[in-house]
Amino acid sequence: MPSRARAATGAEDIGAIFARSGLGRGSGFAVMDLGTDLNRGALLESHRANDQFPPASVVKILTALYTLDALGGDYRFRTRVIMAGGDLVLIGDGDPGLDTDALGDLAGEVARSGQRPRRLWTASGALPAIGMIDRDQPPLAAYNPAISGLNLNYNRARFSWSGGRLRVTAPGERFTAPVTVPRVTPTDRARPRLTTGASGEVWQIPRGDLGGEGSIWLPVRDPAPYAASAFSALLGGAGLGPPAPSGTVPPGTSGSVVAEHLSDTAVDLVRNMLFHSTNLTAEALGLRASQARGAAPGDLARSGAAMRDWARGHLGLERASIVNHSGLTDATRIAPGEMLRVLARAHRPLAGLLRERRIGASPDNPGFLPSRARLLCKTGTLDFVSALAGYLTIGDRRLAFAIFAADPAARSRIPAAERDNPPGAKAWARRAREQEQALLRRWATLYGG
């Protein structure tokens, strides 16, 4: 906007910001001065602060607080390998960060134990089996994984093709395992499709997508057979056969422990989740936190409701509706004003967990950047949904803020065949991000002293 849209302080007028983005009617925000008393900060500005919006991945802030309150920062998931009656059992504990390298190390421990197993079983009941987080996502969306008590590589397999040769692997940095689950077959269909049956998961990929060479991550909908296939190959690489995967057993199956892997601590998992916005980590942590608080949620909606009830009592989140822990849905609703109260109450733990980001330059004045401004925040993005919440520090002044924007009508018009790249979604997201940056520049300039 031209300079006349700025107040004497140099801060851009809110009306001008909305006029440029065109998103004012579908946006809400609230910004608070935290002051010296975190429970009594002064509301500085707001717009539709009491209206409910989908927060997308900003809900991971709640998941982080819920996890640390229920589990403690030192909590670790424990993946074990036991010998039971001459067979090997890989027992998952829901570890969201379990990867091929960890399985490779477990295979090495088994080999060094001197055991020679006949068959391989898995136990994946430590968390409920959930085929995907959100059924409205594109079929190949690897960010929409299954959840299980035995997760591997964020429940993704690497599919690569070259010269007509198709290959599916579970890759790590130190180990790579060829896997037979899932399988991939070329199809004359126009779009990818997953089929399941006695032979397991089979992805049908259009032949036209398989020219030359390339690779993609495939979401795995039944993680235990995938983990069993990878572990069997790694055991074979360690000189043990390999034992044939034979199915699943209850997680309480007893035997002698021959190998064990401990996850990162809960606080490190939370920090990684907030930094990379990993949906599987959020859901696994949220489910385990609900279990630790005495619930036995069979699905994400019930665990999300348990987190909502906890947040009502601990964070003052009175009207929100929460259906999962990752925010990968447009059904969750939170008002900017309520999110602001959460940020005010939880400033001390969140300040050490949120990712630091930069504030972008003004489009009409590229040389203008707020001085002395530090931004710690969590972003959230769905098609026609954008959210940003966190803390803005300018010198000695600390602000908490929440900015939500959504166009539910545009989301409802997305055809099923265009869910992977809806028309207009990228342009809308760009305007929403520019609006967020303009509001941050305004606040840094207006309230920076």
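Modeller: Asn155 has a relative accessibility of 0%, so it counts as buried, the cut-off for that word being under 20%. Keep in mind that this is a predicted model. Asn155 sits in the loop that runs between strand E5 (119-123) and strand E6 (156-162). Its phi is positive, about 55°, although Asn155 is not a glycine. Most residues other than glycine have a negative phi, and most peptide bonds are trans. That is the reason to look at the backbone here.

Ala56 is not a glycine, yet its phi is positive, at about 50°. Ala56 belongs to the loop between strand E2 (42-47) and H2. With a relative accessible area of 0%, Ala56 is buried.

The peptide bonds come next. The bond from Val181 to Pro182 is cis, and its omega is near 0°. Pro182 lies in a loop, with strand E8 (176-178) on one side and strand E9 (183-187) on the other. Another cis peptide bond joins Gly241 to Pro242, with an omega of about -5°. Pro242 is placed in the loop between helix H4 (223-237) and strand E13 (244-248).

Pro297 is in the loop between helix H6 (279-292) and H7. Its relative accessibility is 8%, which puts Pro297 among the buried residues. Leaving aside residues up to four places away in sequence, Pro297 touches Pro128, Leu287, Ser290, Gln291, Arg302 and Ser303. Leu287 is ten residues from Pro297 along the chain, and the C-alpha atoms of the two are 7.2 Å apart.

Thr79 has a relative accessible area of 1% and is buried. When residues up to four places away in sequence are not counted, Thr79 touches Leu90, Ile91, Asp93, Asp95, Leu98, Leu106, Ala259, Glu260 and His261.

A search of the whole structure finds eight aromatic pairs. One of them is formed by Tyr66 and Trp310, whose ring centres are 5.4 Å apart and whose planes make an angle of 55°, a tilted arrangement. Tyr66 belongs to helix H2 (residues 60-71) and Trp310 to helix H7 (residues 300-315); the two are 244 residues apart, and the pair links distant parts of the chain. Tyr66 and Trp310 are both buried.

Phe401 and Trp443 make another pair. Their ring centres are 6.1 Å apart and their planes meet at 45°, so this pair is tilted. Phe401 is in strand E18 (residues 397-406) and Trp443 in helix H11 (residues 425-446), and the pair links distant parts of the chain, 42 residues apart. Phe401 is buried, and Trp443 is buried too. Ring pairs also join Phe401 and Trp443 with Phe18 and Phe29 in a cluster.

Now the whole chain. The chain has eleven helices and 18 strands. Its radius of gyration is 24 Å, close to the 22 Å that the globule rule gives for 449 residues, so the chain is as compact as a globular protein of that length. Along the principal axes, the C-alpha trace spans about 80 × 50 × 35 Å.

Asn155, where we began, is buried, and 52% of the 449 residues count as buried. Among the contacts with a separation of 6 or more, 68% are between residues 24 or more positions apart. The chain exposes about 18,700 Å², with carbon and sulfur atoms supplying 48% of that area. There are 54 positive and 41 negative side chains, and the centres of the two sets are 2 Å apart.

Definitions and conventions:
Residues numbered from 1 in each chain as written. Predicted model: local features only at pLDDT ≥ 70, side-chain atom pairs only at ≥ 80, totals over all residues. Heavy atoms only, no water. Helix = DSSP H or I, 4+ residues; strand = E, 2+ residues; numbered from the N terminus. Rg over C-alpha atoms; globule rule 2.2 N^0.38 Å. Buried < 20%, exposed > 50% of the residue type's maximum accessible area, 1.4 Å probe, protein only. Contact = heavy atoms within 4.5 Å. Areas by Shrake-Rupley, 256 points an atom, 1.4 Å probe, with all protein chains shown as cover. Lys, Arg positive; Asp, Glu negative; His and termini not counted. Charge placed at Lys NZ, Arg CZ, Asp CG, Glu CD. Phe/Tyr/Trp six-rings, centres within 6.5 Å; stacked < 30°, edge-to-face > 60°.
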